[in-house]
Structures are given as C-alpha cells and as structure tokens.
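Let's take a friendly walk through a protein model together. Have a look at the sequence and the structure, and then read on.

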Amino acid sequence: MFIGHFAASVAVKAARPQLPFWACVGAAQLVDIAWAGLIIAGVEQVRVVPGLPGSPLELVHMPYTHSLLAAVLWSVAGALVAARWHGVTAIWLGVAIFSHWVADLVVHRPDLALWPGSAVKLGLSLWNLPALEMLLEVGLLGLAVAWWVARRVRAGQAARPAIGWFIGLLVLGAVNAIPGDPPTPAGLGLLALLGFAIAIALAWLVDRADRPQLPTPGPSAAPTLH
Ligand SMILES: [Zn+2]
C-alpha cells in the first residue's frame, strides 16, 4: 500500500482542520519513513522479488518499524512529541501513525510480527489480488478527499488546494506503480524517502495556501511618529 495510507491523513485533517496537513501526511507514513531509513542502514531487511503480485517486496525482517508493538510505540511517541504543539489534538496524529499498521495488515503477505522476535506474523495478503487492492487504495483516498473537500467548502475554504494535492498524489502513485524497482534495498529505501518527501512537500503547499491572508498595512495603518 502506498497512496491508500494517505486516506487516513486526509480523514484526520478533515476531522481536525487545525492540524497542519503536512504533519497528517507525515504521520500516516512515519512507520515507512523509519523503515526506509533502517533499510538503508541495513538494520531491517527487504528482498525485491520481481513477479510477486501486488508488490515485488518480500519484507523479510522489520521488527522495529512494522511489528504491532513497534507500531503502538511509534504512535504513542509521535503523539507525545506532537502534543508539544497541538495539545490533546495530537492524539489524532497518533491515530494516523497507527492507521499505517492497520492498512498494511490488510494488504501485506504475512510479514507483520506481533513484537520483535515473535514467531507469529500477520497479513491478509490483499496484494495477491492486485486489481482489487489498487481499487481499495484509490477508492479509500478518493472517499476521504471527497469528505475533506465537502468540509472545506462548508467552512468557506477553497476546494482547489485539496483537489490539487489529490491529483499530485495520483501522479506519485502512478509513478510508484511503474514496474522496475531498483535492485538494491538501499536504492529502494532512498526512492521511498523521495516519494514521502514529495507527498509531505505537496501537503505543506496546501497548508501555505490555507494560511489566512494577513491584510497589507495601508496608509491608515502606518504608525505615526511623534
Ligand atoms: Zn508499511
């Protein structure tokens, strides 16, 4: 799952518009951002197996990012850090972080451990039905964006930044779906980080567009000197 994760980012942003959208987008992918870093560092392991349905990734070893226990800890830690700026509302960013594991559970082949070292590995393997999996990803994101746009319009905000971000994400998802992954795990990690950086940067542009326009001081607002 790649673009499907962003459905949670959008849903959290729609539910709590005061949260910065870039943080919502980063939260839903935080576990994979950490995964890419640990893949590059050689701490977690992935094999690229061309021909596997849905995703060519065989996720051999990822206890520190994708075990259930790790996902809970990442979510709590992320919410606690974000609470410094967003108070109690940061719980929603914790929910977005944890949503990543739930979405991965649906699509991954059984590679999600319960805790580091646990023999039980979970995954409902929707990747094995690639057309249905893609439909679910795009459908969830589309529904979330439709709800977000409706809420924005009701609140008197422009729909355009949200729709622009959605189109940007679809382009990113299409590029991601082009077959031909880099052969090395480190290359894969770098490419993943680049994709996440673009998605977060596009979200930051939405935040910038949403920022209230400050009135430019006219002659009457100029300070008078005495
Ligand atoms: Zn993941």
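The protein contains nine helices and four strands; here helices (H or I, at least four residues) and strands (E, at least two) are DSSP runs, numbered from the N terminus. Along the sequence they follow the pattern α-α-α-β-β-α-α-α-β-β-α-α-α. This is a predicted model, in which local features need pLDDT of at least 70 and side-chain atom pairs count only at pLDDT 80 or more, while totals for chains, interfaces and linings use all residues. Residues are numbered from 1 along each chain as its sequence is written.

The C-alpha atoms fill a box of roughly 75 × 35 × 30 Å, taken along the principal axes. Of the 226 residues, 38% are buried. A residue is called buried if 20 or more other C-beta atoms lie within 10 Å of its own, exposed if 12 or fewer, and partly exposed in between, with C-beta atoms placed from the backbone.

Now to helix H2, residues 21–28. How many of its residues are buried? Eight of its eight residues are, so to speak, under cover: H2 is mostly covered. They include Phe21, Trp22 and Cys24. The buried residues of H2 pack against the helices in this table, where a contact means C-beta atoms, placed from the backbone, within 7 Å.

| Helix packed against H2 | Residues |
|---|---|
| H1 | 6–15 |
| H3 | 30–41 |
| H5 | 68–86 |
| H6 | 90–107 |
| H9 | 185–210 |

Cys24 itself touches Ser9, Val12, Lys13, Leu19, Leu93 and Ala96, leaving aside residues up to four places away in sequence.

H3 and H6 pack at an angle of about 70 degrees, with their axes 8 Å apart. That makes H3 roughly perpendicular to H6, a label for angles of 65 to 115 degrees. Leu30, Val31 and Asp32 in H3 meet Ile97, His100 and Trp101 in H6.

Ser125 is partly exposed, with 15 other C-beta atoms within 10 Å.

Notes: Two residues are in contact if their C-beta atoms, placed from the backbone, lie within 7 Å. Axes are lines fitted to C-alpha atoms, for helices over the stretch in contact, and angles run from 0 to 180 degrees between N-to-C directions. Angles under 35 degrees count as roughly parallel, over 145 as roughly antiparallel, 65 to 115 as roughly perpendicular and the rest as oblique.
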